[in-house]
Amino acid sequence: MKINRIRRFAAAVMIAALLTGTIPPARASEALGHDLAAASALLSEGTSLASGAFWSDTYSDLRRENYVVYSPNSRVKPLVSCGAYTRELVTVENAAYSLEAQGLRVVAGINGDYYGTQHGVPLGSVMTGGELRNMNGDVYNAVGFLPDGAAVFGDPMLSMQVSVNGGEGFPVFAYNHIRQSGYGIFLYDSRFNDRGTTETNEPGVDVLCSVESGVL
């Protein structure tokens, strides 16, 4: 498999739009150095694809970057898209096809998280449609979107506890992640993979639970 031909991702931020407009050209980050060249192509209303070259004052070398500049508006909305399973890797092209089949027009897509190349699980936490898809107990910053399309950044400080028969709760380290001995309790549901397994060789005790009501 030539993974350099198609970039795969576990979760992507997909920006969908129905109408185009105009925005001013974007610039490369001045915090990292100074610009040598910059260009911007309009994608849709309030959204452009920017590219540029700048000299890194910190490392004294040439850097190039491509990024999407987005301003919240009524025509363009950010969405979080991922596969049907936590371990499912989806190409950007297929993610766009899936969203467009729902009547949306995709104008840009960016990788939403790094992932383990051996297992395809996002390193951080992912939530789509108001439901938690996976959670990592380690500290990872995240990006989220408000109803008006504005973005928020920071540590979500997620935590999860389980109690038995109304007793005192005990912490769950991670949800729908590859289990590692010594980290604590890992919780899984049927969306972890398409085989209904935990996919781990680490020693541990598996307990099968049933959902009585609600979603995460």
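Colleague: How do I read relative accessibility for one side chain: is aspartate 194 buried or exposed?

Modeller: The cut-off for exposed is over 50% relative accessible area. Aspartate 194 has a relative accessibility of 56%, so it counts as exposed. Keep in mind throughout that this is a predicted model.

Colleague: Which residue forms a salt bridge with aspartate 194?

Modeller: The general idea first: side chains of opposite charge can pair when their charged atoms come close. Here the partner of aspartate 194 is arginine 195, with 3.6 Å between the closest N and O atoms. Arginine 195 has a relative accessible area of 55%, so it too falls in the exposed class.

Colleague: What is the N to O distance between arginine 179 and aspartate 206?

Modeller: It is 2.8 Å, and the two side chains meet in a salt bridge. This pair links distant parts of the chain, 27 residues apart: arginine 179 lies in the loop between E15 and E16, while aspartate 206 belongs to the segment after E16. The accessibilities of the partners fall in separate classes. Arginine 179 is buried, with a relative accessible area of 11%, whereas aspartate 206 is exposed at 57%.

Colleague: And which residue pairs with arginine 63 in a salt bridge?

Modeller: Aspartate 61 does, the closest N and O atoms lying 2.9 Å apart. Arginine 63 is partly exposed at 31%, and aspartate 61 is partly exposed at 27%.

Colleague: Let us turn to the strands. How many bridges join E3 to E4, and in which sense do the strands run?

Modeller: Strand E3, residues 33-44, is joined to E4 by 10 bridges, and the two run antiparallel.

Colleague: What stands opposite threonine 47 in E5?

Modeller: Tyrosine 70 does. E4 pairs with E5, residues 61-70, again in the antiparallel sense and over 10 bridges. Four residues lie between E4 and E5 in their hairpin, and serine 60 in that turn has a positive phi of about 55°.

Colleague: Why is E4 described as largely enclosed by the rest of the structure?

Modeller: The reasoning goes through burial, for which the cut-off is under 20% relative accessible area. Of the 10 residues of E4, which spans 47-56, seven are buried, so the strand is largely enclosed by the rest of the structure.

Colleague: Which residues of helix H1 are buried?

Modeller: In H1, residues 92-100, they are Ala95, Ala96 and Leu99. They cover an arc of only 100° around the axis, which puts them on the same side of H1.

Colleague: How should I read the aromatic pairs, and how many are there?

Modeller: A pair of aromatic rings is described by the distance of the centres and the angle of the planes. The count here is three. In one of the pairs, phenylalanine 173 and phenylalanine 186 have ring centres 5.6 Å apart and planes at 45°, which is tilted. Their positions in the chain are 13 residues apart: phenylalanine 173 sits in the loop between E14 and E15, and phenylalanine 186 in strand E16. Phenylalanine 173 is buried at 19%, and phenylalanine 186 is buried at 12%.

Colleague: Why is the pair of tyrosine 188 and phenylalanine 192 called edge-to-face?

Modeller: The planes of their rings are at 70°, so the pair is edge-to-face; the centres are 5.0 Å apart. Phenylalanine 192 is buried, with a relative accessible area of 1%. Separately, Phe173, Tyr183 and Phe186 form one aromatic cluster.

Colleague: Last, confidence. What is the mean pLDDT of the chain, and where does pLDDT stay under 50?

Modeller: The chain has a mean pLDDT of 81, and 85% of its residues reach 70 or more. The stretch under 50 is residues 1-28, for which the model has 102 contacts beyond four places in sequence.

Conventions. Residues numbered from 1 in each chain as written. Predicted model: local features only at pLDDT ≥ 70, side-chain atom pairs only at ≥ 80, totals over all residues. Heavy atoms only, no water. Buried < 20%, exposed > 50% of the residue type's maximum accessible area, 1.4 Å probe, protein only. Pairing = 2+ DSSP bridges. Phe/Tyr/Trp six-rings, centres within 6.5 Å; stacked < 30°, edge-to-face > 60°. Arc of directions from axis to C-beta. pLDDT = per-residue confidence, 0-100. Contact = heavy atoms within 4.5 Å. Salt bridge = Lys/Arg side-chain N within 4 Å of Asp/Glu carboxyl O.
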